[in-house]
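Let's take a walk through this protein, starting with the overall layout and then zooming in on a few spots. Keep the 3D view open as you read.

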Amino acid sequence: RLLDAVRIQLSEGVVSLLQANLVEIEAARARARVLAVEQDVAEAELALIRLAGLPASATVRTAAAEVGAAVRLPDTSLPELSATALSNRPDLTASRAYVGRAESLRSLATREARPNVGIAGIAEREAPGVAPRFGLAFSVPVPLFDRNQGLREGRAVEVRQAGLTVQAVELRIRTEVADAFRAWQAAARQVQLFESDVLAPARENQRLLETAYQEGKLDLSTLLLLRNQLLDAELGYWEAWEQQRMAEVALRSATATILDDLNPDFREDSR
């Protein structure tokens with residue numbers, strides 16, 4: 001609309017050619033940015049289709065963002081999120097399974113320390129025609145005690161090592177969840193600040209700028225400067241919005257609840 005108005009004003013001699021060229025340049029840059037973003041969207045759609053194993057002819061449907069919706073923190077606390085992560089994370093499950101394996105191997109090594117008593121049947125005949133004699137033979141290997149000590153000690157060390165690994169994984173998970181939760185809180189508060197104090201006034205001022213320009217209260221140069229400042233403010237909101245969604249994905253990943261709803265107003269289509 002601004003470009004069309006400036007072209008009319010240029011033909012009527014209201015604005016100079018220099019001012020009109022500034023508007024033409026702004027419009028061209030805007031169109032170039034739109035093309036670049038459309039290319040990014042197309043590449044992201046193709047990458048998503050490949051990752052999901054969908055046919056090349058598939059299309060991706062995106063839901064429009066709700067602007068102005070209230071930002072709410074998850075209805076769970078940090079201890080609850082940590083507990084969820086400790087029960088869901090596959091890396092911790094694998095570490096605990098390794099502890100069970102190490103304990104089984106240690107138990108097997110302990111049993112091997114006991115001597116294995118051999119039993120054999122004996123049948124012998126002293127002379128032809130004499131009835132054979134039958135009996136049992138017992139054998140006990142030597143030494144009788146302290147067998148397999150090296151392996152037993154090694155298995156015990158593996159059990160302790162596996163237990164320490166579980167503790168390290170638990171600590172790492174708690175740290176990751178805490179960091180992700182704090183990042184989500186900070187991003188959510190930033191979005192809330194933009195929505196309450198920046199976004200609505202910036203959009204209202206854009207409408208006021210157009211009205212003031214149409215009424216001749218602003219020159220073209222001042223209009224372009226103020227308009228770019230207001231657009232920067234709105235872009236700041238969308239950058240914060242993106243950071244909040246990325247922080248939410250990180251929180252879901254840290255708690256292994258990527259398909260669950262931590263945020264009541266977050267909706268995702270699985271297909």
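What follows covers the fold as a whole, then the helix packing, then some individual residues.

**The big picture**

First things first: this is a predicted model, not an experimental one. The protein chain has six helices and two strands. The chain runs to 271 residues, and 24% of them count as buried. Its accessible surface is about 18,500 Å², with carbon and sulfur atoms supplying 57% of that.

**How the helices pack**

| Helix pair | Angle between axes | Axis distance |
|---|---|---|
| Helix 1 and helix 2 | about 155 degrees | 10 Å |
| Helix 3 and helix 5 | roughly 135 degrees | within 9 Å |
| Helix 5 and helix 6 | about 155 degrees | 7 Å |

Take helix 1 and helix 2 (residues 17-52) to begin with: their axes make an angle of about 155 degrees. Angles over 145 degrees count as roughly antiparallel, so helix 1 is roughly antiparallel to helix 2. Their crossing is left-handed. On the helix 1 side, the contact is made by Leu2, Leu3, Val6, Arg7 and Leu10. Helix 2 answers with Leu17, Ala20, Val23, Glu24, Ala27 and Arg31.

Next up are helix 3 (residues 78-88) and helix 5, whose axes cross at roughly 135 degrees. That angle makes the two helices oblique to each other. The crossing of helix 3 and helix 5 is right-handed. Which residues make the contact between helix 3 and helix 5? Helix 3 brings Leu78, Leu81, Ser82, Ala85 and Leu86, while helix 5 brings Glu170, Ile173, Arg174, Val177, Ala178 and Phe181.

Helix 5 also packs against helix 6, with an angle of about 155 degrees. The two are therefore roughly antiparallel. Helix 5 passes helix 6 in a left-handed crossing.

Now for the rings. The structure holds two aromatic pairs. In one of them, Tyr237 and Trp238 sit edge-to-face, with 4.9 Å centre to centre and 70 degrees between the planes. In the other, the ring centres of Trp238 and Trp241 are 5.6 Å apart. The planes of Trp238 and Trp241 are at 70 degrees, so this pair is edge-to-face too.

Together, the ring pairs link Tyr237, Trp238 and Trp241 into a cluster. Trp238 and Trp241 both lie in helix 6 (residues 220-254). They are three residues apart, about one turn of the helix.

Is Tyr237 buried or exposed? Tyr237 is buried, because its relative accessibility is 0%. Trp238 is partly exposed at 28% relative accessible area, and Trp241 is partly exposed at 22%.

Gln9 belongs to helix 1 (residues 2-11). With a relative accessible area of 18%, Gln9 is buried, since the cut-off for that label is under 20%. Setting aside neighbours within four places in sequence, Gln9 is in contact with Val14, Val15 and Tyr213.

Gly163 lies in helix 5 (residues 149-214). Its relative accessible area is 23%, and it is partly exposed. What is the C-alpha to C-alpha distance between Gly163 and Val99? They are 6.2 Å apart in space, although 64 residues apart in sequence.

Finally, have a look at a backbone angle. Most residues other than glycine have a negative phi. Ala256 has a positive phi of about 55 degrees, even though it is not a glycine. You'll find Ala256 in the segment after helix 6. At 32% relative accessibility, Ala256 counts as partly exposed.

Methods. Residues are numbered from 1 along each chain as its sequence is written. This is a predicted model: local features need pLDDT of at least 70, side-chain atom pairs count only at pLDDT 80 or more; totals for chains, interfaces and linings use all residues. Side-chain values use heavy atoms; hydrogens and water are left out. Helices (H or I, at least four residues) and strands (E, at least two) are DSSP runs, numbered from the N terminus. Buried means under 20% relative accessible area, exposed over 50%, partly exposed in between (1.4 Å probe, protein chains only). Accessible areas come from the Shrake-Rupley method with a 1.4 Å probe; for residues, only the protein chains shown count as cover. Rings of Phe, Tyr and Trp (its six-membered ring) pair if their centres lie within 6.5 Å; planes under 30 degrees apart count as stacked, over 60 as edge-to-face and the rest as tilted. Contact means heavy atoms within 4.5 Å. Axes are lines fitted to C-alpha atoms, for helices over the stretch in contact, and angles run from 0 to 180 degrees between N-to-C directions. Angles under 35 degrees count as roughly parallel, over 145 as roughly antiparallel, 65 to 115 as roughly perpendicular and the rest as oblique. A crossing is left-handed if the near helix is turned anticlockwise from the far one by less than a right angle, and right-handed if clockwise.
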